[in-house]
There are 2 protein chains.
Amino acid sequence: MTPPCIICVAITGSLPTRANNPAVPITVSEQIESTHEAFEAGASIVHAHVRNEDETPSSDPAKFAALKEGVEKHCPGMIIQFSTGGRSGAGKARGGMLPLHPDMASLSVGSNNFPTRVYENPPDLVDWLAAEMQTYEVKPEIEAFDLSHIFQAAKMHADGRINETPYVQFVMGVKNSMPVDREVFDFYIKTVKRLFGQNVPWCAAGIGAEQITLNDWAVSSGGHART
Amino acid sequence: MTPPCIICVAITGSLPTRANNPAVPITVSEQIESTHEAFEAGASIVHAHVRNEDETPSSDPAKFAALKEGVEKHCPGMIIQFSTGGRSGAGKARGGMLPLHPDMASLSVGSNNFPTRVYENPPDLVDWLAAEMQTYEVKPEIEAFDLSHIFQAAKMHADGRINETPYVQFVMGVKNSMPVDREVFDFYIKTVKRLFGQNVPWCAAGIGAEQITLNDWAVSSGGHART
Ligand SMILES: [Zn+2]
Ligand SMILES: [Zn+2]
Ligand SMILES: [Zn+2]
Ligand SMILES: [Zn+2]
């Protein structure tokens with residue numbers, strides 16, 4: 001039997017503004033309602049960034065706390081995943097919401113290029129974020145922007161920096177990083193199975209228009225989807 | 001017929017000091033003699049970093065000029081490749097020696113983690129280094145610390161930022177970056193052949209004790225070796 005497909009909804013992301021898409025939820029109450037709709041439509045994980053009033057990315061723990069409280073109330077049983085990505089803050093500010101004990105948090109374990117800059121995840125910050133996740137019992141979702149990030153997650157699991165088997169998300173289609181490529185996608189799957197076991201769950205996310213392609217590939221290959 | 005194996009000698013590297021290995025050539029005249037010995041032993045490319053008198057990495061164009069002059073005199077026909085790697089300088093200082101018209105220069109096209117820090121190759125710096133290499137007719141050797149770097153080289157070649165078919169070096173065994181892994185190595189080869197053609201030359205470098213493993217794999221798989 002195939003395990004049911006987990007649908008993870010990324011309600012806001014770190015970058016799109018209302019100017020790009022009037023439907024993007026910005027305030028915490030908008031995010032809660034948007035999550036509620038996705039939950040009723042079948043999503044079981046919410047991947048959340050929070051925003052300032054001017055729509056810029058925020059890492060304010062108070063906003064994460066309000067979001068968590070609202071999602072718990074409106075969407076009982078939904079898995080809450082906070083982003084610790086580098087667009088929302090710098091250094092340890094990226095993990096300032098982990099003491100809120102979300103179920104999961106994203107964790108980047110390597111560095112790579114983004115469209116206009118370096119996505120910096122220095123080794124000491126990665127280790128600190130991973131340690132905070134252990135302290136607060138937060139399951140990391142590994143954001144694999146490149147192949148070596150999967151190996152790094154395996155190493156961190158082997159030496160105890162990550163408790164449970166890592167849940168890896170393949171991120172494809174970011175300019176100046178890994179493009180959307182089917183052979184790489186298949187090699188990613190082969191690699192997570194080799195490193196973490198045949199039945200390990202994994203998921204994939206494409207950027208922008210590529211999201212549909214990646215969801216299609218993921219669902220048809222036994223992975224989970226990000227919408 | 002198999003093309004002859006190209007041996008590239010990295011005479012100094014950016015980090016080892018005499019305290020690690022008394023045989024490391026530090027001064028330009030020591031580097032020239034060391035290159036001469038490797039040339040007589042069959043090496044056809046020299047990959048060069050230069051050093052300050054205190055053995056710290058340097059990006060001083062005057063040192064590169066003296067090294068180039070000496071190698072041209074002692075090793076006629078040897079291909080001279082300068083490092084533009086980030087250990088020797090910051091920003092555009094990394095490409096300050098390109099006006100010397102070396103035959104080749106290393107080019108990192110993405111970012112990744114190193115043992116204790118981020119190896120930063122921001123997109124605008126990568127493009128500037130590639131443009132300087134076009135201006136001064138320097139062939140880049142792409143340092144692939146991760147899989148996406150091979151795709152980025154292909155994209156830069158396709159859109160004209162790199163003139164000729166990229167010569168890719170797989171770098172494996174750097175802590176916090178890609179480990180030495182045979183399946184990845186084979187996938188790297190498959191990928192360069194897919195992106196650049198079946199007969200594209202490529203090479204591989206392992207770090208420290210892994211160098212022997214990588215040379216063995218490379219030579220037995222039709223690649224070139226770094227010693
Ligand atoms: Zn996110
Ligand atoms: Zn509601
Ligand atoms: Zn080098
Ligand atoms: Zn000589």
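**Figure 1. Where chain A meets chain B.** In this predicted model, 32 residues of chain A are in contact with 32 residues of chain B, contact meaning heavy atoms within 4.5 Å. Together the two chains bury about 2500 Å², with 55% of it on carbon and sulfur atoms. Buried area here is the accessible area (1.4 Å probe) that two parts lose on being put together, summed over both. The model being predicted, local features need pLDDT of at least 70 and side-chain atom pairs count only at pLDDT 80 or more, while totals for chains, interfaces and linings use all residues; side-chain values use heavy atoms, with hydrogens and water left out. Residues are numbered from 1 along each chain as its sequence is written, and chains are lettered from A and ligands numbered from 1 in the order in which they are written.

**Figure 2. What chain A brings to the interface.** Between chain A and chain B the rule finds 14 residue pairs in polar contact (both at pLDDT 80 or more). A polar contact is a pair of N or O atoms within 3.5 Å; within protein, one must be able to donate a hydrogen and the other to accept it, and residues adjacent in sequence count only if both atoms are side-chain atoms. On the side of chain A that touches chain B, the elements giving two or more residues are strand S7 (112-113), helix H4 (147-158) and helix H5 (182-196) of chain A. Helices (H or I, at least four residues) and strands (E, at least two) are DSSP runs, numbered from the N terminus. H4(A) gives the largest share of that side, six residues. Sorted by type, the residues of that side are 12 nonpolar, 11 polar and nine charged; Ala, Val, Leu, Ile, Met, Phe, Trp, Tyr, Cys and Pro count as nonpolar, Asp, Glu, Lys and Arg as charged, and the others, Gly among them, as polar.

**Figure 3. Salt bridges from one chain to the other.** Six salt bridges turn up across the interface of chain A and chain B; each is a side-chain nitrogen of Lys or Arg within 4 Å of a carboxyl oxygen of Asp or Glu. Look for A:Arg194 and B:Asp181, whose side chains meet at 2.9 Å, N to O. A:Asp181 counts as buried, at 11% relative accessibility, whereas B:Arg194 is partly exposed at 34%. (Buried means under 20% relative accessible area, exposed over 50%, partly exposed in between, with a 1.4 Å probe and protein chains only.)

**Figure 4. Salt bridges inside a chain.** Over all chains, the whole structure has 22 salt bridges. One of them joins A:Glu164 to A:Lys139, with the closest N and O atoms 3.7 Å apart. These two sit 25 residues apart, A:Glu164 in the loop between H4 and strand S10 (167-172) of chain A and A:Lys139 in strand S9 (residues 139-144) of chain A. In chain B, B:Arg182 and B:Asp186 meet at 3.2 Å, N to O. They are separated by about one helical turn, because they lie four residues apart in helix H5 of chain B.

**Figure 5. Parallel strands in chain B.** Strand S2 (residues 45-48) and strand S5 (residues 79-82) of chain B run parallel, joined by four bridges; strands pair if DSSP finds at least two bridges between them. B:Ala48 has B:Phe82 in S5(B) as its bridge partner. S5(B) also runs parallel to strand S6 (residues 104-107) of chain B, with two bridges. There, B:Gln81 stands opposite B:Met104 in S6(B).
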